[in-house]
Amino acid sequence: MLEEQDVQALLEKVLGFSKATQTEVLFLGTDRSLTRFANNYIHQNVAETNTAVNVRAVLGNKIGVASTNKLDDEALRDVVERATAIAKVQPENPEFKSLPGQQAITPVNGYSEDTAAFGPEDRAQGVKVIVDRAVATGYESAGAFETTVQQVAVGNSLGVFANHVGTEAEAHVVVMADAGGSGYAQRVSMDAGNIDFEALATEAVEKAGKSRNPVELPIGEYRVVLDGYAVGEMLQYLAFMGLSALAVQEERSFMNGHFGEQVAAESVTIYDDAFDPEGLPIGFDFEGVPKQRVPLIERGVARTVVYDSFTANREGKANTGHALPAPNTFGPYPTHLMMAAGEASREDLFRGIERGVYVTRFHYCNIVHPVRTLFTGMTRDGTFLIEHGELTTPVKSFRFTQSILETLAAAEAIGKQRMQVRDYTTVVAPAIRSSKFNFTGLTQ
Amino acid sequence: MQDLANTALNIALQLGATYADARVMERTVESISVKNGRVEALSSSVDSGFNVRVIVNGAWGFASSARMDLKEAQKIAGQAVAIARASALVGGKSARLSVLPPQRGSYTTPIRCDPFTVPLEEKVGLLLKADEAMRSVKGVSIATGNMEFGRERKLFASSEGSLIEQTLYDSGAAIVAEAVGDGEIQQRSYPNSFGRQAGTAGYEFVEAMNLPEHGQRIGEEAVKLLTAKQCPSGTMTIILDGPQAALQVHESCGHPIELDRVLGMEAGFVGKSFLTTDKLGTHFRYGSDAVNIVADATTPGGLGSFGWDDEGVPAQRTDIVKNGIFSGYLMSRDTAPELGLSSNGCVRADGWNRLPMIRMTNVSLLPGDWKLEDLIADTAEGLYLCTNRSWSIDDRRLNFQFGTEIGWEIKNGKLGALLKNCTYTGITPEFWGSCDAVCDDWVVWGTPNCGKGEPMQVMRTGHGAASARFRSVQVGVGKWGE
């Protein structure tokens with residue numbers, strides 16, 4: 001990682017090489033290590049040190065983007081020249097107004113020295129705790145433990161300068177028992193020292209034991225309790241389907257025509273908050289714009305979506321600080337998606353369910369129809385029948401094909417505990433109980 | 001490049017590695033996206049670095065860096081060895097490699113026109129022309145076009161004496177028309193959805209697509225889909241077009257034949273495979289007699305074609321399913337010995353900073369004799385489903401569900417009403433067992449976005465496929481309110 005004055009000097013040097021009307025430079029530094037285990041031993045163990053310099057050159061309203069992962073002057077001059085040459089050859093884009101200007105950024109702490117100092121032996125010790133528990137129970141474990149130090153720095157010719165060094169530690173495990181039993185657990189934290197490997201192993205081992213000898217349950221619509229892992233993944237897909245201003249502007253979002261309307265139960269509040277310490281805090285986006293807390297669905301009512309500079313300028317709206325790195329055809333994205341906790345204890349979530357299904361996690365979800373918020377996927381690593389408010393029998397994994405908003409509209413209770421879940425993105429979510437979830441298939 | 005690799009190998013061996021290999025790689029990518037008459041994104045990236053992979057005390061270690069000097073090569077080799085020693089702390093099996101005689105040579109993708117020499121204006125112009133054709137259709141809300149070109153230079157050296165240099169090119173493009181209506185969104189893509197159709201080829205591959213000629217047609221289809229009939233629910237005969245058959249092969253055959261997945265090495269992430277090792281050589285029926293599948297890294301133009309894999313094993317062809325019988329896996333040097341076999345050259349890394357692992361090469365459904373029009377004429381009732389829109393499959397690759405962009409009813413051997421929101425689902429061996437016809441309209445389709453591994457690697461794979469017919473398939477999954 002570069003010291004703040006060094007990264008600022010680097011960005012200024014690159015900006016100095018540019019003769020474009022406006023120029024933006026994004027620096028990314030990565031130190032990532034990942035220890036992967038399967039069959040109760042470490043089979044893959046990797047480390048990566050990388051940098052990237054991404055230059056966005058603006059000529060009038062024509063934009064070119066180029067990147068390199070080399071930091072010598074020759075490479076930096078070349079990347080500026082490539083970005084400028086690309087900008088020159090393209091037609092005007094009158095919808096582009098300007099790169100963002102300088103704004104005050106609230107400092108956040110997203111860095112842990114513990115995580116940065118974690119070495120391969122430390123990771124192996126964490127993994128060993130899990131493996132030893134699996135071996136002691138006669139089960140098989142597979143998973144990974146990753147520690148990352150990531151630097152993001154942005155500068156532009158309008159005076160923007162922002163620098164953040166953050167850390168992330170993530171560990172997950174699938175424990176596999178005999179007789180078709182399996183259980184999953186994951187922990188995500190800024191601080192690797194906060195990951196309790198004993199608790200992680202216990203959670204997965206217990207689920208694996210309880211899910212042995214699953215029975216086949218008929219497909220159909222059930223009342224469900226979705227654990228935080230499943231809710232987090234579901235919300236991630238909801239975001240993919242249309243919590244971005246670009247999707248709304250192109251009228252392909254489920255939010256179109258429904259702002260101000262009740263789209264979910266009153267107990268459902270979904271927002272993006274990069275400052276919440278339950279997530280992985282950062283103060284600005286990939287354009288160096290300060291992050292705003294954005295209410296997306298508030299007490300069930302569709303409120304707003306997230307913006308970057310292009311979509312904000314196009315619509316005359318405030319930029320919420322949700323740009324992804326240029327060139328970005330995906331549009332702005334809620335990178336710190338969260339669902340507000342409710343008041344239900346774990347027992348409350350199951351109470352009153354005469355016959356329902358408890359889903360501990362999903363597997364391989366995908367969008368079927370974005371406007372209908374219809375998605376499909378499998379349940380995995382522990383699906384259980386709920387009878388008279390109690391978990392009674394493990395059941396075989398289902399395929400589901402379900403509208404996310406329908407499930408959120410039918411939410412009956414929201415858990416008071418939240419967990420940070422990482423799939424493609426990181427989401428903080430509680431468990432929920434919903435009266436509508438459509439299981440459409442079974443696997444063998 | 002060679003100095004860097006040799007330095008790393010020497011240090012690794014001095015520090016106690018019993019095996020070491022090094023890869024020095026540089027990938028250059030040019031990417032163009034247009035949307036609604038404007039250039040949405042135009043970028044050029046150059047990414048280079050090197051990695052060192054070692055076995056120490058029977059355990060693996062891997063380290064990589066973007067900094068390419070001899071001092072860094074020494075440091076990274078040392079880091080790889082330290083990581084391998086840490087791996088050994090948790091015990092487990094000792095890594096064993098299948099025998100490989102030292103490999104020496106070079107390979108360059110055969111191309112007619114280097115895509116990096118074609119002026120950007122020409123490429124942008126071609127996409128904008130196709131964009132205009134799509135937007136000439138009233139009702140098209142979003143027209144997009146994409147092109148991407150890659151050039152990968154890589155050097156592989158191993159402590160066993162292999163030294164290989166390769167330059168691989170890939171080119172791809174696609175256009176998409178989207179129409180938005182009252183609570184409805186529909187899209188049509190050409191030649192394929194989800195990014196692009198791609199191959200190891202030059203710019204000639206993109207020119208041959210004739211993108212502008214197809215713009216109006218897909219625009220019209222997208223608009224018609226808004227008011228088309230909803231796909232019916234039930235069990236019926238379906239015919240898949242080539243692109244959808246290719247993704248069906250990718251998900252339900254390509255992934256479950258990865259031997260690392262079969263052996264549980266991916267169990268903590270995407271899962272295992274129903275094609276367990278007891279099914280090899282025991283006449284396990286994967287599909288009907290009509291189903292023949294090969295993995296072939298020598299397929300001309302295939303997106304998974306190369307000279308040697310990233311362990312230095314020569315590109316080759318393996319029977320995967322022969323007349324419906326499961327016949328082989330995709331293997332690496334450290335998994336093949338588990339079956340008493342040698343690697344069949346299926347290992348790749350998606351960059352200098354990623355561990356080489358088993359990846360699909362070109363896993364292809366071999367063509368049959370049927371003409372598509374004859375197959376439709378031979379089908380009394382069913383659905384003709386084209387171009388993927390959605391996919392999902394379980395953690396053993398058995399229960400799958402796909403959606404397609406468009407479908408047509410087949411009635412009495414003729415295509416009938418247009419259908420929207422088509423989905424179908426099944427169980428892999430039952431589904432392939434119901435395949436009773438494969439057509440001769442065989443094309444190698446590229447899947448440029450195959451995800452696997454942790455950290456995630458996105459690989460370019462190829463799939464030769466043709467239209468094919470399947471009986472008694474469940475279609476129209478879920479509640480559609482119609």
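Two strands are said to pair if DSSP finds at least two bridges between them. In this predicted model, β5(A) and β6(A) form a hairpin with five residues between the strands, where Ala179(A) takes a positive phi near 55 degrees. Strand β6 covers residues 182-189 of chain A and runs antiparallel to β5(A), to which eight bridges join it. Within this pairing, Ala171(A) stands opposite Arg187(A) in β6(A).

Strand β5(A) also pairs with β4(A), in the antiparallel sense and over 16 bridges. Glu146(A) has Glu170(A) in β5(A) as its bridge partner. These strands, β4(A) and β5(A), form a hairpin as well, with four residues between them, and Gly159(A) in the turn has a positive phi of about 100 degrees. Of the 16 residues of β5(A), twelve are buried, so the strand is largely enclosed by the rest of the structure.

Gln102(A) lies in the loop between α2 (73-88) and α3 (113-117) of chain A. From Gln102(A) to Leu238(A) the C-alpha to C-alpha distance is 32 Å, with a separation of 136 residues in sequence.

Helix α4 of chain A (residues 120-137) contains 18 residues and reaches 26 Å from its first C-alpha to its last, close to the 26 Å expected at 1.5 Å a residue. Its buried residues include Pro120(A), Arg123(A), Val127(A), Ile130(A) and Arg133(A). The buried residues of α4(A) pack against β1 (22-38), β2 (41-59), β4 (140-156), β5 (161-176) and α5 (197-210) of chain A, and also against α2 (70-87) of chain B. Just after the helix, Gly138(A) has a positive phi of about 80 degrees.

Between the chains, 70 residues of chain A are in contact with 66 residues of chain B. Strand β2 of chain B (residues 38-56) supplies the largest share of the side of chain B that touches chain A, with twelve residues. By class, that side has 28 nonpolar, 27 polar and eleven charged residues. Strand pairing also crosses between the chains: β3 of chain A (residues 62-68) and β2(B) pair in the parallel sense over four bridges. Here Thr68(A) stands opposite Val46(B) in β2(B).

Technical notes: Residues numbered from 1 in each chain as written. Chains lettered and ligands numbered in written order. Predicted model: local features only at pLDDT ≥ 70, side-chain atom pairs only at ≥ 80, totals over all residues. Helix = DSSP H or I, 4+ residues; strand = E, 2+ residues; numbered from the N terminus. Contact = placed C-beta atoms within 7 Å. Nonpolar A, V, L, I, M, F, W, Y, C, P; charged D, E, K, R; others polar. Expected span 1.5 Å × (residues − 1). Buried ≥ 20, exposed ≤ 12 C-beta atoms within 10 Å, placed from the backbone.
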